[in-house]
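Please read them with the structure open beside you.

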Amino acid sequence: MRIHIATDHAGLEFSQFLQDHLAQAGHEVIDHGPKEYDALDDYPAFCINAAAAVAADQAAGVDALGIVFGGSGNGEQIAANKVKGIRAALVWSQATAQLAREHNNANVISIGARQHTLEEAVGFIDTFIAEPFPGDERHVRRIAQLAEYETTGDIAGKGVDKY
């Protein structure tokens, strides 16, 4: 599987370790930055680039997922979710990593590097990658509604308010 990774300065050490871990597990890892520590760097472009690469790969039929890191993971998740076709989930436990795939078919996860140990993050990531999306009708339906809203600004027949 191809794994796209991005971070900011807070997750740089995590990112470097995890790239090695994932490569040793047989994954093709693509680093979207940063390449070196800069306490003043800005995460949005790094995370958007990783998410856009996941979306492009998936559209082309390539088996790909993404992982983004930051101090809390919140901003990185928000940035990734700005990319059309991305469903980024903030992961803070094994259960949320599993459910991100199982219920939401998340294609990117975000982890707070200052919130977890490296060992915890590895566990979350390994769980996320290993968990298949079972394709239960209710989850497929909900994901389709999100995609519809992302494209049209509405979910037909669901009473989405227009502001």
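1. Contact here means heavy atoms within 4.5 Å. Among contacts in the chain between residues at least 6 apart in sequence, 68% join residues at least 24 apart. The model is predicted: local features need pLDDT of at least 70, side-chain atom pairs count only at pLDDT 80 or more, and totals for chains, interfaces and linings use all residues. Residues are numbered from 1 along each chain as its sequence is written, and side-chain values use heavy atoms, with hydrogens and water left out.

2. The chain has 6 helices and 5 strands. Helices (H or I, at least four residues) and strands (E, at least two) are DSSP runs, numbered from the N terminus. Starting at that end, the order of elements is β-α-β-α-β-α-β-α-β-α-α. The radius of gyration is 16 Å, close to the 15 Å that the globule rule gives for 163 residues, so the chain is as compact as a globular protein of that length. That radius is taken over C-alpha atoms, and the rule is 2.2 Å times the number of residues to the power 0.38. The C-alpha trace spans about 50 × 35 × 30 Å along its principal axes.

3. Buried means under 20% relative accessible area, exposed over 50%, and partly exposed in between (1.4 Å probe, protein chains only). By this count, 45% of the 163 residues of the chain are buried.

4. How do helices H2 and H3 pack? H2 (residues 43-59) and H3 (residues 74-81) meet at an angle of about 50°, with their axes 8 Å apart. Axes are lines fitted to C-alpha atoms, for helices over the stretch in contact, and angles run from 0 to 180 degrees between N-to-C directions. H2 and H3 are therefore oblique to each other; angles under 35 degrees count as roughly parallel, over 145 as roughly antiparallel, 65 to 115 as roughly perpendicular and the rest as oblique. On the H2 side, Tyr43, Pro44, Cys47, Ile48 and Ala51 meet Gly75, Glu76, Ala79 and Ala80 of H3. These residues divide into 7 nonpolar, 1 polar and 1 charged. Ala, Val, Leu, Ile, Met, Phe, Trp, Tyr, Cys and Pro count as nonpolar, Asp, Glu, Lys and Arg as charged, and the others, Gly among them, as polar.

5. In H3 the buried residues are Gly75, Glu76, Gln77, Ala79 and Ala80. Their cover includes H2, strand E3 (64-70), strand E4 (88-90) and E5.

6. H4 (residues 94-102) and H5 (residues 118-130) pack at about 25°, with their axes 8 Å apart. They are therefore roughly parallel to each other. H4 brings Gln94, Ala97, Gln98, Ala100 and Arg101 to the contact, and H5 brings Gly123, Phe124, Thr127 and Phe128. The division is 4 nonpolar, 4 polar and 1 charged.

7. Look next at the loop between H4 and strand E5 (108-112), where His103 is found. At 28% relative accessibility, His103 counts as partly exposed. Leaving aside neighbours within four places in sequence, His103 is in contact with Phe133, Arg138, His139 and Ile143. Asn105 also lies in the loop between H4 and E5. Asn105 has a positive phi of about 45° although it is not a glycine, and at 19% relative accessibility it counts as buried.

8. Which peptide bond is cis? The bond from Gly33 to Pro34 is cis, with omega near 0°. Pro34 sits in the loop between strand E2 (28-31) and H2.
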